[in-house]
Every structure is written in structure tokens, then in C-alpha cells.
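Good morning, and thank you for joining. Please look at the structure on the screen while I take you through it.

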Amino acid sequence: MASLAPTGSAHKERLLVYRHSVMVRVLHWINALVLLVMLMSGLQIFNAHPALYLGKTADFDHPVLSMSAWREPDGSLKGVTQVGPYQFNTTGMLGVSSFYGQMVVRGFPSWATIPGFKSLALGRLWHFFFAWLFVINGLLFASYAISSGHIRELLPTGHDIRNIGKDFVDHLRLRFPKGKEALHYNVLQKLAYFTVIFILGPLIVLTGLTMSPTVDTAVPQLLWLFGGRQTARTIHFICAFSFVGFFVVHIVMLVLSAPINGLRSMITGRFAIESDDD
Amino acid sequence: MTESSRRKFLARAAATMSAAVLAGCDKISQSTWGPNVLRGAEQLTHMVQRAITNRHALAPEFTKADIAPIFRANGTLNPDSDDYDAHVATGFRNWRVAVRGLVHNPLDLSVADLRAMPSRTQITRHDCVEGWSCIGEWTGALLSEIIIKAEPKRHTKFVVFHCADNMSNDDNHPQFYYESLDLIEAMHPQTILAYDLNGKPLPVANGAPVRLRAERQLGYKMAKYVNGIELVTDFNHINGGKGGYWEDQGYNWWAGI
């Protein structure tokens with residue numbers, strides 16, 4: 001923690017601590033934007049065939065997930081999402097949703113896709129442009145994290161592992177580290193960040209590449225690794241929604257702990273703590 | 001600011017920002033410059049995929065057990081023109097694949113001619129741009145043999161495939177399906193003009209009497225109902241000038257991903 005600047009004169013001193021390096025902040029925000037575009041253009045591509053399968057090829061009669069539209073006797077459209085053997089009425093959201101006031105047949109709704117109107121061609125252009133940004137951004141972060149030692153902040157220590165139970169209970173009680181303790185990632189944060197950056201990130205890239213027929217020719221081992229192109233596509237989809245899950249938890253944790261402080265630290269780099277005289 | 005008004009402010013800011021991002025993305029999508037910028041990545045992908053893939057590397061092949069009971073047909077399921085219907089009625093006896101363009105030896109190949117040429121049988125996975133895959137067994141004449149037989153001129157860079165299916169609703173202004181491959185893909189050992197699917201003559205829905213198989217590319221490259229092959233230096237003069245029917249509608253010319 002490079003600089004400690006006292007900003008208050010009360011009994012408890014308020015210190016602005018330099019928390020996030022400029023590299024981490026810049027790459028974080030680029031990544032946030034890139035992931036949003038990747039997700040939404042990915043949903044546009046998914047909408048071209050809103051079903052997922054397992055194996056090498058598509059067993060059209062047995063999707064693991066599918067979105068479809070049924071015509072009701074009264075002429076209206078009903079959106080049906082099927083997960084394994086279970087069917088859900090998802091009219092308005094999945095299968096059938098509103099587009100400029102009209103109910104239309106589409107997997108994910110207009111507001112969730114890039115572009116908002118139906119275009120597989122444009123969805124692919126967005127997705128493959130931003131895929132390069134995602135990979136370059138990820139590689140920059142990985143090389144920065146390794147060369148600067150930042151990666152050590154993301155790896156749980158022996159002490160962390162021994163206290164994981166306590167950390168877990170504290171999180172459930174919404175008791176978050178205060179003071180100097182808040183300047184280090186706790187073990188659950190470390191596990192989440194490490195998993196997302198170093199496991200989920202590479203996994204979503206590799207399963208994406210497995211869908212490319214040319215890459216399958218150059219690196220057929222990918223097909224073996226993921227159990228076929230259609231399984232790779234399904235894993236790719238699950239990874240995408242794992243990123244969404246991470247994002248939701250990330251935001252909830254930010255809001256519950258210290259929203260302004262946390263947000264500022266990711267913009268200006270400075271995180272405020274109240275230091276006791278210890 | 002109280003905690004709750006702060007939260008409301010943050011939530012509202014986030015919602016406003018994401019709505020702005022969405023509107024912006026649609027604006028960019030509908031501009032002329034936006035898709036052109038995005039298309040820049042296609043060149044990079046093309047270059048990198050070429051660099052990592054041996055020009056002779058074979059697409060994965062599968063076993064008989066993997067063959068789908070019904071090979072899913074997509075795009076045109078029947079050209080349904082008077083001309084095509086007449087060919088169906090006569091069992092494609094008079095069908096010709098005209099090989100033209102930058103060739104010293106123009107050819108007019110009947111289905112029987114194609115069947116007499118060196119062939120290859122392969123069980124491969126068809127990957128549709130929509131995301132699904134289907135496995136089938138294809139038998140066909142090696143495209144490389146056809147090209148060599150036609151004696152290509154120097155300066156040949158692309159091979160264009162002309163098809164019998166009219167994609168336009170307007171019969172007075174027909175827009176026939178077409179596609180193109182570069183010479184690396186065209187000369188690849190798995191690139192064939194297929195006349196059999198799963199050991200039987202190609203059904204109409206799958207492109208009878210002959211369709212292209214280019215196994216390292218997506219399905220839209222694999223033109224059906226092929227009646228012409230044209231060797232060219234570039235395809236700027238053909239239809240929309242983008243090298244294929246779907247390319248003219250905004251799809252990538254490089255269909256390796």
C-alpha cells in the first residue's frame with residue numbers, strides 16, 4: 001500500500017489508501033465493457049438456434065435446454081423454455097418476447113441482445129471483434145499479475161484456508177472486514193476472483209474456439225477435452241451465465257459492503273479506511 | 001446522501017448507462033462504418049487461423065455409428081423452378097457443372113462424369129452458422145482433380161460456385177445462391193463435389209445432384225445444387241461482390257469460425 005494520507009482529524013482517522021494500481025483499474029473497466037458486449041452478442045448468436053445439446057452433434061429431439069414458441073388456441077404466442085424434461089412458461093422473457101410492442105418469437109429478448117434487432121451476421125461481427133479484445137485484455141492482466149506479484153494477492157494462503165469457515169459465516173452475516181483488513185482480499189474473494197480470471201476466462205475462450213471448424217482441424221484435442229462440439233457449446237453457454245452469476249454477486253457484495261468506497265477505489269485507486277489507534 | 005438514496009442513484013446510473021450502451025450498439029450496427037470496423041477482426045481471425053492450421057490438415061472424421069439418422073437440411077430445401085423440376089424428373093441426366101473462368105480447358109461435367117472421377121468418402125460433421133451440428137457420410141469427386149483437369153490459368157485466386165436455387169422472390173430478377181473458396185480450401189483433400197449422402201444419391205433437400213463439401217468451414221459455404229464453377233482472381237464483379245449469397249447479406253467471407 002504505497003501512500004497513506006490522513007484525511008480526517010476525529011478520534012478515528014480516515015485514511016485514503018492506494019488500493020488498486022492503474023493497470024488493474026484500466027483492465028477491469030475494459031473487461032467489464034467487453035464482457036457485456038460478449039454476453040449480449042453471444043445471446044444474439046444463441047437466438048439463431050436457441051437450443052443446447054450434449055455430444056459431437058445435435059440430437060434435435062433431446063436438447064438439454066431449448067426455447068420455443070407455441071401458438072395458443074386464442075392465437076397468442078406462448079414462450080416455452082425446456083430444461084431437460086421440465087417445461088416452463090417463459091412468455092415475455094424467453095421464447096416469446098416483445099419487440100417494439102409486438103410479441104415475437106425469439107430466444108432471448110431484444111433488450112438482452114446486440115444488436116437489439118435480429119441479426120446473426122451482426123451478432124457474429126460484434127462477438128468475434130470483442131473476443132479478440134477479451135483475449136488481449138486477459139493476457140495483459142495475466143502477464144501483469146504474474147510479473148508484478150499481484151497474483152499473490154489472489155492466491156489463498158494457508159492462514160486463509162484455515163479460516164475459511166469463519167469467513168464464510170461472516171459473509172452470511174454480512175459482516176465485512178473493516179479497517180486494515182479490508183485492504184486485503186479475504187479468502188472467498190480470492191477464490192472467486194482467481195476462479196473467474198484463471199479458470200472461467202480460459203474455459204470460455206477454449207470452448208468458444210472448439211466451435212470453430214478450422215480450429216477443430218488444427219487442434220482436434222479440444223473436441224476430446226470437451227466431449228464434442230455441441231457439449232463445448234453448452235459449456236460455453238454455462239460459462240457465460242457463470243460470468244453473469246459472478247457479476248450479480250460482485251455487485252451485491254459491493255453494495256452491501258461499501259459501494260462508494262469500493263467504486264471509487266476501482267476508479268481513482270484510493271480506498272478509505274478508518275484506522276483505530278492500534 | 002443517505003445509503004439508500006446512494007443505492008438508488010447507483011442503480012439508476014447503471015440502468016441509464018446500459019440503455020445508452022444498447023442504443024449505441026444498435027446505432028453502430030446500422031451505420032456503414034461500424035460493421036466495417038468490426039469486420040477488421042475477421043482479417044485477424046482469418047490470418048491467425050490460417051497460421052495455426054496446416055493447409056493439408058484434415059477435419060475430424062467420424063464412424064458409421066455417429067451418422068445422424070436424418071441429415072438436417074437447411075437453407076433452400078427445393079429450388080422448385082420449372083428447369084430444376086425437369087432435371088428431377090429426368091434423374092439429373094442432363095445436369096451439367098460448367099467449369100469456366102480462368103481455365104485453359106473449360107469443362108461441362110455430367111453427374112456420370114463426376115462419378116467417374118477420383119473420389120473420396122468421408123464421415124464428417126457439418127457445422128451450421130446457427131450453432132447446430134450434424135454428422136453424415138459424403139462421397140464425391142475431388143474438387144482439386146476438377147480444377148487440375150480444367151487447367152487453371154495463373155492469377156487464379158478463388159473458386160466460385162454457382163447454384164440453381166434462386167434466393168429472390170422476384171422471378172424477373174433472380175438471385176442465385178453462390179459461394180467462393182480460396183485455392184487453399186478448394187484444393188484441400190476433403191473438399192469434394194458430393195453426389196452421395198450416406199451411400200445414396202443426394203436427396204433434393206440436401207442439394208441434389210451435387211453440392212460442395214468444404215469440411216473446415218461453416219455450412220453456408222457448402223453450396224447446394226451446384227451447376228457452375230468459376231475460377232477468378234477476385235469476386236468483386238459477381239452479384240454483391242462479397243463472395244457469396246450470405247456474404248452479400250453481411251456474413252463473414254471467412255467461415256472457419
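In this predicted model, 35 residues of chain A are in contact with 43 residues of chain B. On the side of chain A that touches chain B, five helices of chain A each supply at least two residues: helix H1 (22-47), helix H2 (120-148), helix H7 (213-218), helix H9 (229-257) and helix H10 (259-267). Which of them gives the most? That is H2(A), with nine residues. Sorted by class, this side of chain A comprises 23 nonpolar, seven polar and five charged residues.

I turn now to the domains of chain A. The assignment places 20-58 + 111-275 in domain 1 and 59-107 in domain 2. Between the C-alpha centres of these two domains of chain A there are 29 Å. Eleven residues from domain 1 of chain A and nine residues from domain 2 of chain A take part in the contact. On the domain 1 side, H1 and S3 of chain A are the elements that give two or more residues. By class, that side holds seven nonpolar, three polar and one charged residues.

Strand S3 leads us to the sheet. In chain A, four strands make up an open sheet, ordered S3-S4-S5-S6, with antiparallel pairing. Strand S3 (51-52) and strand S6 (86-89) of chain A are at the edges with a single partner strand each, so one side of each has no neighbour in the sheet. S3(A) pairs with strand S4 (residues 65-71) of chain A over two bridges, in the antiparallel sense. Where does A:Leu52 find its bridge partner in S4(A)? The partner is A:Leu65.

Definitions and conventions:
Residues numbered from 1 in each chain as written. Chains lettered and ligands numbered in written order. Predicted model: local features only at pLDDT ≥ 70, side-chain atom pairs only at ≥ 80, totals over all residues. Contact = placed C-beta atoms within 7 Å. Nonpolar A, V, L, I, M, F, W, Y, C, P; charged D, E, K, R; others polar. Pairing = 2+ DSSP bridges. Domains from an automatic or database assignment.
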